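Here is a friendly tour of two spots worth a look. Have the model open in your viewer as you read along.

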Amino acid sequence: DYNECDEIDLVKSNGSICYRVPYDSYNHILHYIDQLCSSEKTEVIYISLYRVAGENSILVNSLCKAAANGILVYTYIEKMARGDEDDNIVIANKLEKSGCHVILGCKDYKVHAKIFTAITSDGSYSHIGTGNYNEKTAKIYTDTHILTNDIEVSKSISNIFEFILSQSFCLRKSDELFFSPFNSREEI
């Protein structure tokens, strides 16, 4: 249960933490993001959603709460998430009604990234995962998640969102992350 989650306070620590679900609890990721959505220090949040656990998902509710509290929330939602297109539109509408800025789809590209970053008055905090932001499927699928306060990772994630928001097709090179189809083949 999310409320019984062990306390994770990466916001007060330095470094990165890796989780492998379902072997490790997905509740740590939910708590981490909720903590940042609830913080008075958080100024901006960027997150990409491919699939979530419906419009009543813990994550969606955390993002709505953040926007209602005056945090700028930019949410990318992939409209071509095989089989979840209708659910994603419902979620996009809920997020927009709460005050989130929603980008629904990216011209010429499918964004399959599961990324989150929060810019706060005392630093930046990010999540990168192989799995969807779905607390239901996290109990059965094996995925890797990294929580970090590495500023370079946060800059790379922000760079992806600048690209998505501008649709400029000009993505700056990052030493921290590879972006397919731009530099992943060359880097790997």
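His127 sits in strand β6, which spans residues 123-129 (strands are DSSP E runs of at least two residues, and helices are H or I runs of at least four, numbered from the N terminus). This is a predicted model, in which local features need pLDDT of at least 70 and side-chain atom pairs count only at pLDDT 80 or more, while totals for chains, interfaces and linings use all residues. Residues are numbered from 1 along each chain as its sequence is written, and side-chain values use heavy atoms, with hydrogens and water left out.

Is His127 buried or exposed? With a relative accessible area of 0%, His127 is buried (under 20%, using a 1.4 Å probe and protein chains only). Its side chain takes part in these polar contacts (N or O pairs within 3.5 Å, one able to donate a hydrogen and the other to accept it):

| Side-chain pair | Polar contact |
|---|---|
| His127 and Tyr133 | 2.6 Å |
| His127 and His145 | 2.8 Å |

Beyond its neighbours within four places in sequence, His127 touches residues including Ile29, Tyr32, Phe116 and Ile157 (contact means heavy atoms within 4.5 Å).

Now to a pair of helices. Helix α2 (residues 58-68) packs against helix α3 (residues 85-98) at an angle of about 25 degrees, and their axes are 8 Å apart. Because of that angle, α2 is roughly parallel to α3 (angles under 35 degrees count as such). On the α2 side, the contact is made by Val60, Asn61, Leu63, Cys64, Ala67 and Ala68, and on the α3 side by Ile91, Lys94, Leu95 and Ser98.

Conventions: Axes fitted to C-alpha atoms, helices over the stretch in contact; angles between N-to-C directions. Parallel < 35°, antiparallel > 145°, perpendicular 65-115°, else oblique. Buried < 20%, exposed > 50% of the residue type's maximum accessible area, 1.4 Å probe, protein only.
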